[in-house]
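Open the model in your viewer and have the selection tool ready.

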Amino acid sequence: MTEYSIERIREQFPILNQQVNNRPLVYLDNAASNQKPNAVVDCISNYYTSYHANIHRGAHHLAQLATEAYENARTIIANHLNAHREEIIFTYGTTDGINLVAQTWGRKNLKQGDRIVISGLEHHSNLVPWQMVAEENGCIIDIIPVLSDGTLDMAVYDQLLEKKPKLVAVNQVSNSLGTVNPIGEIISKAKNINACVLIDGAQAVSHFEVDVKQLDCDFYVFSGHKIYGPTGIGVLYGKKAILEAMPAWRGGGEMIKSVSYQSFSVNELPYKFEAGTPNIADGIALGRAIEFVNSLGLNAIRAHENLLTKTATQRLLEVPGMRLIGTAAEKTSVISFLIDGLHPYDVGTLLDQLGVAVRTGHHCTEPLMNALGIPGTIRASFACYNTLKEVDIFIEAVKKASQMLS
Amino acid sequence: MTIEQRQQEIIEEFALFDDWMQKYEHIIELGKELPVISAEYKTDDNIIKGCQSRVWLHAEMLNSGVVHFTADSDAIITKGMIAMMIRVLSDQAPEDIASADLHFVNEIGLHQHLSPTRSNGLLSMIKQMKFYSLAFQAKNNG
Ligand SMILES: Cc1ncc(COP(=O)(O)O)c(C=O)c1O
């Protein structure tokens with residue numbers, strides 16, 4: 001590994017080099033979506049300028065190139081997760097992957113009175129799809145409560161497992177607070193009672209190596225746009241035997257083996273779950289994004305982000321009335337906070353005037369905000385390309401905003 | 001003063017500021033000065049939903065035939081914007097409110113606060129102000 005060169009990394013993200021409201025942009029909304037390196041942008045443009053064609057069907061040269069590139073991306077992703085390529089289903093994103101599982105595995109296997117365990121840290125996209133199935137099939141959803149530091153109450157989790165849930169669906173990392181959940185323990189305990197486990201890895205993949213075989217989860221989902229890849233593409237990993245037993249969801253081209261007016265038979269994995277012409281360009285570019293991340297090394301990225309997060313957290317405490325929301329020992333590069341007496345929206349508006357992009361609001365976790373008794377938070381989140389100088393600008397901006405509003 | 005005259009007045013006021021900070025300091029000041037809405041109107045019925053900052057709006061028709069608005073928000077910048085809306089639209093004839101073009105927001109460089117992506121409730125508040133005015137107007141004519 002060469003030294004972590006922030007200049008060299010930033011050169012690969014030209015979007016960062018711009019002025020917002022006459023100030024240099026400081027992009028700290030990475031947990032919502034991080035920016036794309038040239039390699040990813042060029043990959044998309046190269047696809048459309050040199051070898052675009054529909055895949056898996058044409059016998060011609062371009063169709064073959066496009067198919068190879070798309071399937072090669074699937075292999076890159078499979079290797080990255082330590083999965084087999086038939087276990088990698090391309091989706092539109094995390095939300096799409098969870099809905100796929102809910103509408104196929106869920107509708108088939110979750111029956112009247114069955115219990116589903118999710119955590120109090122879930123994004124709406126790992127709650128609403130289960131509510132939809134639960135409503136239709138008469139299931140009960142149990143919530144692992146969140147403690148005041150933003151960690152899960154694992155004692156209650158143990159109690160919930162005594163009720164023999166059929167499914168445990170939790171995120172690896174909380175998008176609102178950055179808490180890293182003990183998914184190793186969550187999965188192994190769920191496996192002891194033969195519950196199916198889905199892990200929402202949306203907030204984890206840009207920080208941690210993921211080995212689905214070692215984790216032993218049944219499903220793992222994430223979005224391309226949170227790992228320096230494009231929007232509109234994501235991944236669902238599922239254990240082969242489970243995917244095979246699952247009914248197909250969307251019907252159409254690609255997903256069938258043969259069709260007559262009387263019936264159809266479904267294609268083999270992974271195509272069974274990929275009806276229609278897929279998002280070819282973004283699939284290929286997601287493979288490229290994963291190569292980008294691996295070229296820096298996730299451990300090196302995490303070490304850099306940890307330095308930024310630690311520094312920023314300490315310095316934020318200089319601001320009068322500062323209240324950190326989520327103080328788990330294990331966190332990613334997310335800092336959620338409130339300032340006494342100030343509304344997050346006001347702080348966010350003034351930070352934007354100062355060129356600093358943060359997210360304010362409930363971060364698609366309304367039930368969590370209600371449980372914490374707050375209207376939302378201000379959330380800053382760091383990525384591989386942020387700098388200590390940007391931490392400085394951020395802290396000064398928070399101080400300025402807080403002064404103006406008090 | 002007509003709605004147009006009040007808008008001109010605000011535009012002139014803002015012309016005095018030469019940077020965004022003075023502008024926002026002024027908005028924050030306006031927010032602090034906005035008369036408090038009486039508790040009986042700060043109800044869930046009067047809340048404008050789906051916003052990051054909550055907005056409460058109450059409208060009543062005065063005997064003189066004008067519509068009187070009171071409003072509040074939990075965010076101070078939103079409240080400052082509300083104060084300006086009320087200054088422009090309150091105590092005007094319902095038909096004038098319903099047809100008002102609030103160009104001053106653009107001219108003082110705050111159009112982004114009325115963007116639907118802001119979800120600060122202002123846009124919904126203006127819609128609601130016009131809706132109340134139309135309703136009062138219909139009642140008057142009815
Ligand atoms: C933990 C978590 N789950 C799910 C999602 C939804 O991802 P997407 O909108 O890409 O489908 C997000 C995105 O914010 C997230 O952070």
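This is a predicted model: local features need pLDDT of at least 70, side-chain atom pairs count only at pLDDT 80 or more; totals for chains, interfaces and linings use all residues.

Residues are numbered from 1 along each chain as its sequence is written, chains are lettered from A and ligands numbered from 1 in the order written, and side-chain values use heavy atoms, leaving out hydrogens and water.

**The sheet.** Select β13, β14, β17 and β16 of chain A: in that order they form an open, antiparallel sheet of four strands. Strands here are DSSP E runs of at least two residues, helices H or I runs of at least four, numbered from the N terminus; two strands pair if DSSP finds at least two bridges between them. The edges are β13 (322-325) and β16 (359-361) of chain A. Zoom in on A:Arg323, whose bridge partner in β14(A) is A:Leu338.

**The helices.** Next, show α12 (344-353) of chain A, which packs on the sheet and touches β14, β16 and β17 of chain A. Contact means heavy atoms within 4.5 Å.

**The interface.** Now bring in chain B: 15 residues of chain A and 17 residues of chain B make the contact. α12(A) gives the most to chain A's side, with six residues. Across this interface there are zero salt bridges (a side-chain nitrogen of Lys or Arg within 4 Å of a carboxyl oxygen of Asp or Glu).

Definitions and conventions
Axes are lines fitted to C-alpha atoms, for helices over the stretch in contact, and angles run from 0 to 180 degrees between N-to-C directions.
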